[in-house]
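Have the viewer open as you read.

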Amino acid sequence: MSNLKWLKVLILFVLAFALQVSVAEWLKIFGVGPDFVIIFVVSVAIKRGPAAGCFWGFLAGFAQDVYAPVEWLGAFSISMTVLGFVVGQLEERFLTLNLPAKIGVLGFGFFVCDMIYFGITGLSKEIVTNLFLTQTLPESIYTMFVGGIIFYLDFDKKKKHA
C-alpha cells in the first residue's frame with residue numbers, strides 16, 4: 001500500500017474515533033448509537049483484506065482499551081483484531097460483496113466483536129443475554145443503518161469512476 005493510501009486510512013481512523021466520541025453521542029436514540037469504529041474496521045477489512053483488517057482492528061481495539069477498565073485490558077484489542085481478520089477473510093472468499101452483503105457482514109461483525117468482548121470479560125450468562133437484547137442488537141441495527149449509508153456513498157462514488 002502506498003504512503004498516500006496509508007495516510008488516507010490513518011485519517012479515516014482518526015475521523016472514526018472523532019465521530020465516535022462526538023457525533024455518536026448526538027445520534028443516540030434511547031441510549032443506543034452507531035459504532036463508527038466498527039464501521040471503520042469492517043470497511044478497511046473489506047477493502048484491504050485480512051492483514052490490514054487485523055492491523056487496523058488491533059489499533060482500534062488498543063485505542064479503545066486505553067479507556068476500558070484495567071481488569072478488561074486487551075479485550076477490545078482481541079475482539080477488534082478478530083473482527084478485522086474474519087471480515088477480511090469473508091471478502092477474500094466471496095471476492096466482492098455487493099451493498100446488502102456488506103451491510104450483512106457489518107451486522108455479523110458487530111455481533112462477533114461484542115460476543116468475543118463479552119466472553120473475554122467473563123460476564124455471566126444472564127448479563128450477556130441482557131446486554132445482547134438491550135445493547136448489542138439495537139446498536140447492531142443502528143450501526144448497520146449508518147454503515148449502509150456510508151457504504152452506499154462509497155460504493156456509489158466508485159461506480160461513477162468505473
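Axes here are lines fitted to C-alpha atoms, for helices over the stretch in contact, and angles run from 0 to 180 degrees between N-to-C directions. Helices themselves are DSSP runs (H or I, at least four residues), numbered from the N terminus. A quick word on provenance: this is a predicted model, where local features need pLDDT of at least 70 and side-chain atom pairs count only at pLDDT 80 or more, while totals for chains, interfaces and linings use all residues. Residues are numbered from 1 along each chain as its sequence is written, and side-chain values use heavy atoms, with hydrogens and water left out.

**Helix 1 against helix 4**

Two packed helices are described by the angle between their axes and the distance between the axes. For helix 1 and helix 4, the angle is about 30° and the axes are 12 Å apart. Their crossing is right-handed, a label used if the near helix is turned clockwise from the far one by less than a right angle. Contact means heavy atoms within 4.5 Å. On the helix 1 side, Trp 6, Val 9, Leu 10, Phe 13 and Phe 17 do the meeting; their partners in helix 4 are Phe 55, Trp 56, Leu 59, Ala 60, Ala 63 and Gln 64.

Burial comes next: buried means under 20% relative accessible area, exposed over 50%, and partly exposed in between (1.4 Å probe, protein chains only). The buried residues of helix 4 include Trp 56, Ala 60 and Gln 64, along with Pro 50 and Asp 65. As for length, the expected span of a helix is 1.5 Å times one less than its number of residues. The 16 residues of helix 4 should therefore span 22 Å, and the end C-alpha atoms are 21 Å apart, which agrees.

**The core**

A nonpolar core is a set of buried Ala, Val, Leu, Ile, Met, Phe, Trp, Tyr and Cys residues joined through side-chain atoms within 4.5 Å. The largest one here has 31 residues, and Ile 38, Phe 40, Val 42, Met 80 and Leu 83 have the most contacts inside it. Helix 1 (3-21), helix 3, helix 4, helix 5 (75-94), helix 6 and helix 7 (125-161) each supply at least two residues of this core. Helix 3 gives the most, with ten residues.

Leaving out residues up to four places away in sequence, Met 80 touches Val 37, Ile 38, Val 41, Gly 57, Ala 60, Gly 61, Gln 64 and Cys 113. Ser 79 is found in helix 5 and counts as buried because its relative accessibility is 0%. The Ser 79 side chain reaches the backbone oxygen of Phe 76 at 3.2 Å. That is a polar contact, meaning a pair of N or O atoms within 3.5 Å; within protein, one must be able to donate a hydrogen and the other to accept it, and residues adjacent in sequence count only if both atoms are side-chain atoms.

**Helix 6 and its ends**

Helix 6 (residues 99-121) has 23 residues, so it should span 33 Å; its end C-alpha atoms are 33 Å apart, which agrees. Asn 98 caps the N-terminal end, with a side-chain oxygen 3.0 Å from the backbone nitrogen of Ala 101. Just after the helix, Gly 122 takes a positive phi of about 75°. Leu 99 lies in helix 6 and is in contact with Gly 148, Phe 151 and Tyr 152, setting aside neighbours within four places in sequence.

**Loops**

What is the phi of Phe 30? It is near 55°, a positive value in a residue other than glycine. Phe 30 is in the loop between helix 2 (23-26) and helix 3. Gly 49 belongs to the loop between helix 3 (36-48) and helix 4 (50-65), and touches Val 44 and Gly 88, again not counting residues up to four places away. Val 66 and Tyr 67 are both in the loop between helix 4 and helix 5.

Here is how accessible some of these residues are:

| Residue | Relative accessible area | Class |
|---|---|---|
| Gly 49 | 10% | buried |
| Leu 99 | 19% | buried |
| Val 66 | 53% | exposed |
| Tyr 67 | 74% | exposed |
| Phe 30 | 86% | exposed |
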